[in-house]
Amino acid sequence: MADPRELYQQVILEHNKKPRNFGKINGCTHQAEGHNPLCGDQLQLTLIVQEGIIEDIQFEGRGCAIDVSSASLMTTAVKGKTVKDTLNLIQGFRALVRGEWNPATHGDLGKLVVFHGVKDLPVRVKCAVLPWATLQSALDGSPIASTE
């Protein structure tokens, strides 16, 4: 079995180098911006939500490798999901990176579990959470995200 730290590094580097769903959706139904002043990460998220389903999602901005890879993996994970399932996934991811995740409580996170090691890097938790907080803000109708 591969070392989880090595897998984490590979996934982070791959998604940072070639982020999925990078760009901006014109005519989006939801959008929000996020900023992490500690690291300097900036993120703009645009979505199309129709009948409670996230039909499309893209992000733009600049950030550290953890922020960009988290946004990339997030967009692939939520595209096609219901808003309700996405809100549950947001809570599960936040629990994961804070070291509070329990699959029985928070459900299966799939590939997102590679971020489990972020809990050991407290300074980087906000980097990983920023895209998810921005998604929460977009779905809530708030234009600005908070990583708190």
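1. Contact here means heavy atoms within 4.5 Å. With that cut-off, helix α5 (residues 122–140) lies across β1, β2 and β3. The helix runs at about 150° to β1.

2. This is a predicted model. The mean pLDDT of the protein is 90. Of its residues, 93% reach 70 or more. Confidence is highest in β3, at 97. Confidence is lowest in helix α1 (residues 4–17), where the mean is 77. Read α1 with that value in mind.

3. The sheet is open and has 3 strands, in the order β1-β2-β3. Pairing is antiparallel. β1 (30–36) and β3 (53–62) are the edge strands, and each pairs on one side only. On average, neighbouring strands of this sheet are turned by 15° against each other, direction ignored.

4. Now the β2–β3 pair. Strand β2 covers residues 41–50 and pairs with β3 in the antiparallel sense over 9 bridges. Val49 has Ile54 in β3 as its bridge partner. Thr46 has Gln58 in β3 as its bridge partner. The two strands, β2 and β3, form a hairpin with 2 residues between them. Glu51 sits in that turn, with a positive phi of about 50°.

5. Helix α2 (residues 65–78) also lies across part of the sheet, namely β2 and β3. It runs at about 170° to β3. The helix length checks out: at 1.5 Å a residue, its 14 residues should span 20 Å, and the end C-alpha atoms of α2 are 20 Å apart. Gly80 follows α2 and has a positive phi, near 90°.

6. How many of the residues of α2 are buried? The count is 11 of the 14, so α2 is largely enclosed by the rest of the structure. The cut-off for buried is under 20% relative accessible area.

7. α2 and α5 pack against each other at an angle of about 35°, and their axes are 8 Å apart. α2 passes α5 in a right-handed crossing. On the α2 side, the residues that meet α5 are Ile66, Asp67, Ser70, Ala71, Met74 and Val78. On the α5 side they are Arg124, Cys127, Ala128, Leu130, Pro131, Trp132 and Leu135.

8. Helix α3 (residues 83–97) has 15 residues. From first C-alpha to last it reaches 21 Å, close to the 21 Å expected at 1.5 Å a residue. Its buried residues are Thr86, Leu89, Ile90, Gly92, Phe93, Arg94, Ala95, Leu96 and Val97. What do the buried residues of α3 pack against? They pack against β3, α2, α4 (103–106) and α5. Gly99 follows α3, and its phi is positive, near 80°.

9. Last, the segment after α5. Gly141 is placed there. Is Gly141 buried or exposed? At 63% relative accessibility, Gly141 counts as exposed, because the cut-off for exposed is over 50%. The C-alpha atoms of Gly141 and Phe59 are separated by 17 Å. Along the chain, Gly141 and Phe59 are 82 residues apart.

Methods. Residues numbered from 1 in each chain as written. Predicted model: local features only at pLDDT ≥ 70, side-chain atom pairs only at ≥ 80, totals over all residues. Heavy atoms only, no water. Pairing = 2+ DSSP bridges. Helix = DSSP H or I, 4+ residues; strand = E, 2+ residues; numbered from the N terminus. Axes fitted to C-alpha atoms, helices over the stretch in contact; angles between N-to-C directions. Expected span 1.5 Å × (residues − 1). Buried < 20%, exposed > 50% of the residue type's maximum accessible area, 1.4 Å probe, protein only. pLDDT = per-residue confidence, 0-100. Left-handed = near helix turned anticlockwise from the far one by under 90°.
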